[in-house]
Amino acid sequence: METREVPPAHFLIKIESFSLFDKYKIKKYETSEFVAGEYKWKLILNFNGKDSDYISVNLAMADTSSLPANWELNAAFSIFLFNQKSGNYLHSPGITRRFQAMKFEWGLSKFISKEILCDPSNGYLVNDTCVFGADVFVIKREAAVECLSLENVDICYKHDLKISDFSKLEETWNSADFIDGGQKWKIILYPKGNGEGNKSHVSIFLSYLGSERMQICFTICLKNQLYNDKDTNDDKHVKETLNHWFSAAETTVGWRTFIELATINDPNKGFIVKDGCLLSIEIHIQAIACLPIKKSDYAISS
């Protein structure tokens, strides 16, 4: 149990002559209805529940006859008891429950002991009067539902590209779209650099053309054509690897200083042969987080 100064937002009930409940053996009291979250509720106070030493307080939906068949909703609620001595409210931390036709009442079987409640020095029962209350917040199913799918990173998707007439390229070169791992991609290359690599390096980027969020580990390799594909010495090629979460807002990442212009344009280095260069792209899709097109409706229609 916790305390707070702010009174409950949705309902208060003041009970006078509290001792008469015991005198007349009144075991239970149901409050009048109140509205919260566009639905009707009531509190049920049980003065002789399963454990006669405690007061139990339940929250119940009222007037459910107007609700559709198989209705259900989630609600977070708190039960309050006013401390007339301190001016604070004793309350249960927020309780979240699913209300439905088969179970439309939830609460606390041991909200407070009769001994504590009836001791005037505690401040809850003063002049035979006490005050209970409730906050009720209906949780509507309006949140986006995300599905995170982890992929097998041992599967490598590989795509090879050849760029012809390299010396004639304009400021930007875009590859044709290609599909790897069921997703659409393209390579963007700046033959004379971009940003911090302007006029000093070749800049190269991988661009994602989808809408889902996904974690990717990718490698772009500029091949040294003086060596054949069977040569496994990676030092002869220029290769960079990067991990990144791609999304509709984060579509393009790469390197502004991938390779120096002096290096790639040196005919003795083997990166450009007959005015063409070769790129190899390896993509590992590690995780996909997507929003389903259709969401299940677990809430009552408003």
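Modeller: Start with a charge over a ring. This is a predicted model. In it, the charged end of Lys 103 sits over the ring of Trp 106, and its distance from the ring centre is 4.6 Å.

Colleague: Over the face of which residue does Arg 213 lie?

Modeller: The distance to the ring centre is 4.8 Å. A charge counts as over a ring only within 6 Å of the centre, with an angle limit as well. The ring under Arg 213 belongs to Trp 245.

Colleague: Now ring against ring. How many aromatic pairs are there?

Modeller: Two rings pair if their centres lie within 6.5 Å. By this rule, the number of aromatic pairs is 16.

Colleague: Are the rings of Phe 82 and Tyr 89 stacked, edge-to-face or tilted?

Modeller: Their centres are 4.8 Å apart, and their planes meet at 40 degrees. Stacked needs under 30 degrees and edge-to-face over 60.

Colleague: Is Tyr 89 buried or exposed?

Modeller: The relative accessible area of Tyr 89 is 10%. Buried means under 20%, so Tyr 89 is buried.

Colleague: Phe 111 and Phe 132 also form a tilted pair, 6.2 Å centre to centre and 50 degrees between the planes. Which strands does this pair link?

Modeller: Both residues are buried. They are 21 residues apart, so the pair links distant parts of the chain. Phe 111 is in residues 105–113 and Phe 132 in residues 130–139, which are strands S10 and S11.

Colleague: Which residues touch the most other members of the largest nonpolar core?

Modeller: That core has 36 residues. Strands S10 and S11 are among the elements that give it two or more residues. The residues that touch the most other members are Phe 18, Trp 41, Leu 81, Phe 99 and Phe 132.

Colleague: How many residues are in the second, separate core?

Modeller: Trp 185, Trp 255, Cys 277 and Ile 288 are included in it. Trp 185 and Trp 255 also belong to one aromatic cluster, along with Tyr 208, Phe 218, Phe 246 and Phe 258. The residue count of this second core is 34.

Colleague: Last, the serine. Which backbone atoms does the side chain of Ser 203 reach?

Modeller: Ser 203 is in strand S17. Its relative accessibility is 0%, so Ser 203 is buried. Another, at 2.6 Å, is the backbone oxygen of Arg 256.

Key:
Residues numbered from 1 in each chain as written. Predicted model: local features only at pLDDT ≥ 70, side-chain atom pairs only at ≥ 80, totals over all residues. Heavy atoms only, no water. Phe/Tyr/Trp six-rings, centres within 6.5 Å; stacked < 30°, edge-to-face > 60°. Buried < 20%, exposed > 50% of the residue type's maximum accessible area, 1.4 Å probe, protein only. Helix = DSSP H or I, 4+ residues; strand = E, 2+ residues; numbered from the N terminus. Lys NZ or Arg CZ within 6 Å of the ring centre and 35° of its normal. Core = buried A, V, L, I, M, F, W, Y, C linked by side-chain atoms within 4.5 Å. Polar contact = N/O pair within 3.5 Å; in protein donor to acceptor, adjacent residues only side chain to side chain.
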